[in-house]
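Subject: Structure for you to look at

Hello,

Here is the structure I promised to hand over. Please open it first, then read my notes below.

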Amino acid sequence: MSISDQLDKASAQLKGLSEKASAAEANANAAKAKDKADLEQRVETAEATAKQASDNMKGSAKETKDEINQWWGQVQDNWKSLIAKVRKDSDEDKANLKADRAEKRAERAEAHAAKEVEFANTAIEEAEYQVLNAALARLDAEDAAAAT
């Protein structure tokens, strides 16, 4: 695969990521409307989408057995465990929702959301680095092939 093809593919993936981030931002802004039924539906939809994306990523990591994908599979396992705990905590909080606990639940949910956004930002930064590093590696490979 040429560097141009690689960069085109990576660019398309980054564009898709940007579009997803924009949609997530729109959903967050829409949550300000405080229409509980709509917000509950958005939460359900976002949860299902996040679970499917995580399952898809885990599945693609299982398709190949190289070291990076094994590591990424472990990251995904850890991620799924964290998300399961966060959701379990959230479900328990909902079951015990009382006025004196509602504020703590909201603060915890906000803290989790902030950390998830921070994680996503870090992942985007790392993705950009990996794309550029892969392009550089491809150029090095092409130079090495041309030198022989």
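First, a term you will need: a residue is buried under 20% relative accessible area, exposed over 50%, and partly exposed in between (1.4 Å probe, protein chains only). Glutamate 47 is partly exposed, with a relative accessible area of 38%.

Some ground rules. This is a predicted model, where local features need pLDDT of at least 70, side-chain atom pairs count only at pLDDT 80 or more, and totals for chains, interfaces and linings use all residues. Residues are numbered from 1 along each chain as its sequence is written, and side-chain values use heavy atoms, with hydrogens and water left out.

The overall picture

The chain has 4 helices and 0 strands. Helices (H or I, at least four residues) and strands (E, at least two) are DSSP runs, numbered from the N terminus. Along the sequence the pattern reads α-α-α-α. There are 148 residues in the chain, and 9% of them are buried.

Now contacts, meaning heavy atoms within 4.5 Å. Take those between residues at least 6 apart in sequence: 61% join residues at least 24 apart.

The accessible surface of the chain is about 11,500 Å². Carbon and sulfur atoms hold 57% of that surface. Accessible areas come from the Shrake-Rupley method with a 1.4 Å probe, and for residues only the protein chains shown count as cover.

Salt bridges

A salt bridge is a side-chain nitrogen of Lys or Arg within 4 Å of a carboxyl oxygen of Asp or Glu. How many salt bridges does this rule give? The count is 4. Here are some of them.

- Arginine 87 and glutamate 47 meet through their side chains, at 3.7 Å from N to O. Arginine 87 is in helix 3 (residues 67–95) and glutamate 47 is in helix 2 (residues 36–63), so this pair ties together parts 40 residues apart in sequence. Arginine 87 is partly exposed, at 26% relative accessibility.
- Lysine 85 and aspartate 89 form a salt bridge of 2.9 Å, N to O. Both sit in helix 3, 4 residues apart, which means about one helical turn between them. Is aspartate 89 buried or exposed? Aspartate 89 counts as buried, because its relative accessibility is 19%.
- Glutamate 118 pairs with lysine 115, and their closest N and O atoms are 3.2 Å apart. They lie 3 residues apart in helix 4 (residues 99–147), so about one helical turn separates them. Lysine 115 is exposed at 55%, while glutamate 118 is partly exposed at 45%.

The aromatic pair

Rings of Phe, Tyr and Trp (its six-membered ring) pair if their centres lie within 6.5 Å; planes under 30 degrees apart count as stacked, over 60 as edge-to-face and the rest as tilted. The count here is 1 aromatic pair. Tryptophan 79 and phenylalanine 119 have ring centres 4.6 Å apart and planes at 20°, so the pair is stacked. It links distant parts of the chain: tryptophan 79 is in helix 3 and phenylalanine 119 in helix 4, 40 residues apart. Tryptophan 79 is partly exposed at 22%. Phenylalanine 119 is partly exposed too, at 41%.

A surface patch

Patches are made of residues with over 30% relative accessible area and no salt bridge; like charges are joined within 9 Å, nonpolar side chains (Val, Leu, Ile, Met, Phe, Trp, Tyr) within 5 Å. Leu14, Leu17 and Ile124 make a nonpolar patch of about 190 Å². Leucine 14 belongs to helix 1 (residues 3–30). Leucine 14 is partly exposed, with a relative accessible area of 31%.

Best wishes
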